[in-house]
Amino acid sequence: MGKANIITLKEAAGMINDGDCLAFSGFTIWRRPCQLIYEMLRQGKKDLHLFEVQGGYQSEVMVGAGAVRLWESSWMGQEILGKTGVNLSRKQVNGEIIVDDYSHGHAVARIMAGACGIPFFPTALAMGTDILNPEYDGFGRAGLRDGSNPKIARNKYEIIKDPCFDMGDILLMPAINPNWALIYAPMVGTEGTVRVLAQSYNDSDVLKAADKVIVICEEIVPDEYLRQEPSQNLAAGHEIDYVVVCPWAAHPTGSQGYYDCDADFLREFNKVTRTQEGYDKWAEEWIYGVSGPDEYLEKLGITRLEQLRASAALGYSTRTKRGTR
Amino acid sequence: MTASNEYAKIGEFKPIDLLAAAAAREVNDGDVVFAGTGLPMLAIALAQNEHAPNAVCIYEAGSIDGRPIDLPTSVGDARCAYQSSKAGGLFETFYGQLHSGYVDLGFLGGAEIDKYGNVNTTILGDYNKPSVRFTGSGGNADINSFARRTVLIMVQEKRRFKENVDYITSPGWRLKKWPTGEWAHKKDVYGKFFHGGPTAVITNMAVFRFDEEGIMYLDTVHPGFTVEDVKNNTGFDLNVSRVSGETTPPTYKQIDILYNKVDPEGIFLP
């Protein structure tokens, strides 16, 4: 019988080294490990390499802080709560970050190859696009494909002829095996079993692909509770390395079954961080000027958090005002 | 206003109502539809409430055939997964559903489009020194490459309807065949993986379709606009020889469904 290896938020962030390759749980504005990101920034982590199936609030925060050197992904934004990733846009236009673009399906292929321990994954998605234009291979142009970094493949992709059924050209997309998977999940069992309460996104692929896994959760529950319905679980205890307990750790992103995403907070972030001065002021208020999660939650206040709390029946809040009527 | 099947008159509907109705008309009953956030959610819900009750909606974050009782604001929303037949992840939607060939129809958008239906959602200018960064592909390129039909919803402006887009994020009918980059028809690029491609473009002024060669032509013009208006807001030489008439406006019943059943909270509808 295993036992969840519970550590503090500060210890978790402290294990991550400058330059490490990171991948996250969640999807755009859902189930992102936000408190872990804030603590990493307070500790001054830098030169990070993010592989994301798609970006979202947490990576916008890291990119805005100047902590990210390499970003490879398919998308950045906050859906209707911020239609583009304004921080990535600013850094990319200014030449302050190295970017490599994929399609969503390509990124899924890469993390799945990593999860399976195979060096590449075949796909015919998004062929014929400029995503595959050799002139636009961002990492290649930066000289990063010389084999010296084990987290960066020698080729962005390879095209082969299907050798089995003569289907025609098909892409081989290289695996990605990040140093760390930073996973937010609402529940972790006493033996480390992990559960999420809605769509699983790429969470299990991300945690299998990574060398080491930190799960930040709302609460520890008896493992026997999670084992009553094993088909509902995301990961087994032996797949994860460290657990941090931190209520509301995904705020302002949503955690289905626990709380909704904080639309006002996300909209405001996207609005005020369009300039670096705006970002710096915002980050001083919500990250650097805050000692940790407790002070952050106190700043938000009980009224706001209660509005976000999910209905136990529906899994999302019925008290937030979402539209104009 | 009674909720009849009569067509609403100019002034009785907003531009977005007509867009939603026109997009909903592209959904056939029984279609498996891959939809994104915003207008596509209105279109699929309207179609399911009217002529396409058996349409199945897939959201890329992982929910399949959900029956939301509250309109989602994100494809990752718990609301998408309410009463879904399955809720998994992106490997299921992009490979288990899309790559394996289940998807009939996709709704997509973009910042720029060319006459072949190639779409740019990534950057403006030179990719290696861009002047603006947008979201990037997300699922746009994947859905355009593998759905049997795609409907592109765009804003009609000269700078967006271009002879050549700055970056081909998402594949239309004529593409670059890598590694050389020579232009080729989509069928030549996709081989036996070919499923189809863009079939309609819907803007705030008009509906466009694609001919046998995969070149865009003007089909219908929305009430209140002229063919000249559309030409003046298109940056390439537009084929207007096949115009079939005026775009059908929404019915009173459709407006009632949109405002009272689909989006009563006013999330996407003003």
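This is a predicted model: local features need pLDDT of at least 70, side-chain atom pairs count only at pLDDT 80 or more; totals for chains, interfaces and linings use all residues.
Two residues are said to be in contact if their C-beta atoms, placed from the backbone, lie within 7 Å. Leaving aside neighbours within four places in sequence, F194(B) is in contact with K186(B) and K187(B). F194(B) sits in the loop between helix 6 (186-190) and strand 13 (197-202) of chain B. F194(B) and R148(B) are 46 residues apart in sequence, yet their C-alpha atoms are 8.7 Å apart in space.

Attention now turns to a pair of helices in chain A. Two packed helices are described by the angle between their axes and the distance between the axes. Helix 2 (residues 34-42) and helix 3 (residues 57-64) of chain A pack at an angle of about 10°, and their axes are 10 Å apart. That angle makes helix 2 of chain A roughly parallel to helix 3 of chain A. On the helix 2 side, C34(A), I37(A) and L41(A) meet Q58(A), V61(A) and M62(A) of helix 3. Sorted by class, this contact holds 5 nonpolar residues, 1 polar residue and no charged residues. Helix 3 of chain A is mostly covered, with 8 of its 8 residues buried; among them are Y57(A), E60(A) and G64(A). After helix 3 of chain A comes G66(A), which has a positive phi, near 80°.

Chain A also contains an open sheet of 3 strands. Strands of a sheet pair through backbone hydrogen bonds, either parallel or antiparallel. Here the strand order is 5-7-6, and the pairing is antiparallel. Strand 5 (120-123) and strand 6 (158-161) of chain A form the edges, each pairing on one side only. From one strand to the next, the twist averages 35°. Strand 5 and strand 7 (residues 169-174) of chain A are joined over 4 bridges, and L172(A) in strand 7 is the bridge partner of P122(A). Helix 5 (residues 104-116) of chain A lies across strand 5 and strand 7 of chain A, running at about 145° to strand 5.

How do the two chains meet? In total, 56 residues of chain A are in contact with 59 residues of chain B. Helix 4 (86-93) and helix 5 of chain A are the elements that give two or more residues to the chain A side. That side divides into 25 nonpolar, 23 polar and 8 charged residues.

Helix 4 (residues 90-99) of chain B is largely enclosed by the rest of the structure, because 8 of its 10 residues are buried. These buried residues include L90(B), F94(B) and H99(B). They pack against helix 5, strand 5 and helix 7 (203-209) of chain A, and also against strand 1 (32-35), strand 2 (56-59) and helix 5 (140-146) of chain B. Just after helix 4 of chain B, G101(B) takes a positive phi of about 100°.

In soluble globular proteins, nonpolar side chains tend to be buried together. The largest nonpolar core in this model has 181 residues, of which V215(A), V33(B) and L46(B) touch the most other members. Strand 8 (residues 180-189) of chain A gives the most to this core, with 8 residues. Not counting residues up to four places away in sequence, V215(A) touches I183(A), A185(A), V188(A), V194(A), I240(A) and V243(A).

Terms used: Residues are numbered from 1 along each chain as its sequence is written. Chains are lettered from A and ligands numbered from 1 in the order in which they are written. Axes are lines fitted to C-alpha atoms, for helices over the stretch in contact, and angles run from 0 to 180 degrees between N-to-C directions. Angles under 35 degrees count as roughly parallel, over 145 as roughly antiparallel, 65 to 115 as roughly perpendicular and the rest as oblique. Ala, Val, Leu, Ile, Met, Phe, Trp, Tyr, Cys and Pro count as nonpolar, Asp, Glu, Lys and Arg as charged, and the others, Gly among them, as polar. Two strands pair if DSSP finds at least two bridges between them. A residue is buried if 20 or more other C-beta atoms lie within 10 Å of its own, exposed if 12 or fewer, and partly exposed in between; C-beta atoms are placed from the backbone. A nonpolar core is a set of buried Ala, Val, Leu, Ile, Met, Phe, Trp, Tyr and Cys residues joined through C-beta atoms within 7 Å.
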